[in-house]
Amino acid sequence: MEKTLALNSILADDNKAQPPSGVLVEAARILAHQGHAVGLAGQITLRDGDSCRFWTLALGVGLEEATAADVLRLDEGLNILEGRGRPNPGVRFHGWIYRNHPSVKAIVHTHPPATSALSMLGIPMPVAHMDAAMFHEDCGFLAHWPGVPTGDDEGMLISQALGNKRSAMLVNHGVVCTGASLQEAVYLNVFAERNARMVLDAMAAGSLKPVEPAAAREAHDFLLQPSIVEATFAYWARQASRRA
């Protein structure tokens, strides 16, 4: 308890309120620094208050080059309410998630290499290491790729695959991660890629040994504490800033 209180105190300066464009750009820079910039694939969105409107990057803007001027505010129909640029048609499924999952405040979906490769195996997200425990009983599974997620059918399927979980593994595609904050969605997305890389390396050497359920459940709750999530996000933001 004392350690948690101390960590929350340390976070006071790092977790100052930012405008939506600021935290979204920071998230984009983190993901780029973590190796998630693959062409223009993937999306980051942040819910606008309690509505189904959301903030996102304009189409054609790479993660590493995002600025506040590249941020759009869209309605569910992808009509621009604020900002300049063209909406990314790939964010249509995000609207489905926001509409059907009121607790979701942010969504991150990228196409990094290891997560994409793991999706080709057609298996649910493995949890065989402590650093993957945030996905224990908290990652849905979509066993069939419905195609490029620019239509309502794809949005419905991906939203259903999430169920009551934070993330979902999408076969032949990758993973989608949601959060109670953008920090949490980014945190899950980065660790999904790390886990995928570890799983592929381990499977090349032998069979996976899953984490015992009780230990995985305990680690899940520990790793998803807001103080841990926010401190990790702040650390990654400092790393990305130094590389800018």
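Let's start in the sheet: strand S2 (residues 54-57) pairs with strand S3 in the antiparallel sense, over four bridges. Helices (H or I, at least four residues) and strands (E, at least two) are DSSP runs numbered from the N terminus, and two strands pair if DSSP finds at least two bridges between them. This is a predicted model, in which local features need pLDDT of at least 70 and side-chain atom pairs count only at pLDDT 80 or more, while totals for chains, interfaces and linings use all residues. Residues are numbered from 1 along each chain as its sequence is written, and side-chain values use heavy atoms, with hydrogens and water left out.

Now follow Leu74 in S3. Phe54 stands opposite Leu74, and in strand S4 the bridge partner of Leu74 is Ile80. S4 (residues 80-82) runs antiparallel to S3, joined to S3 by two bridges. The two strands form a hairpin with five residues between them, and Leu78 in the turn has a positive phi of about 65 degrees. Strand S3 (residues 71-74) is covered on both faces: Val71 and Arg73 are buried on one side, Leu72 and Leu74 on the other. Here, buried means under 20% relative accessible area, exposed means over 50%, and partly exposed lies in between (1.4 Å probe, protein chains only).

Next comes helix H2 (residues 20-33). Its 14 residues reach 20 Å from the first C-alpha to the last, close to the 20 Å expected at 1.5 Å a residue; the expected span is 1.5 Å times one less than the number of residues. Among the buried residues of H2 are Val23, Leu24, Ala27, Ile30 and Leu31. The buried residues of this helix pack against strands S1 (43-47), S2, S3 and S5 (106-109), and against helices H6 (182-205) and H8 (226-243), where contact means heavy atoms within 4.5 Å. After H2 comes Gly35, with a positive phi near 90 degrees.

Let's finish with the rings. Rings of Phe, Tyr and Trp (its six-membered ring) pair if their centres lie within 6.5 Å; planes under 30 degrees apart count as stacked, over 60 as edge-to-face and the rest as tilted. The count comes to four aromatic pairs. Phe54 and Tyr98 form a tilted one, 5.6 Å centre to centre with 35 degrees between the planes. Phe54 lies in S2 and Tyr98 in helix H3 (residues 92-100), so this pair ties together parts that are 44 residues apart in sequence. Phe54 is buried at 0% relative accessibility, and Tyr98 is buried at 1%. Elsewhere, Tyr187, Phe191 and Trp236 form one aromatic cluster.
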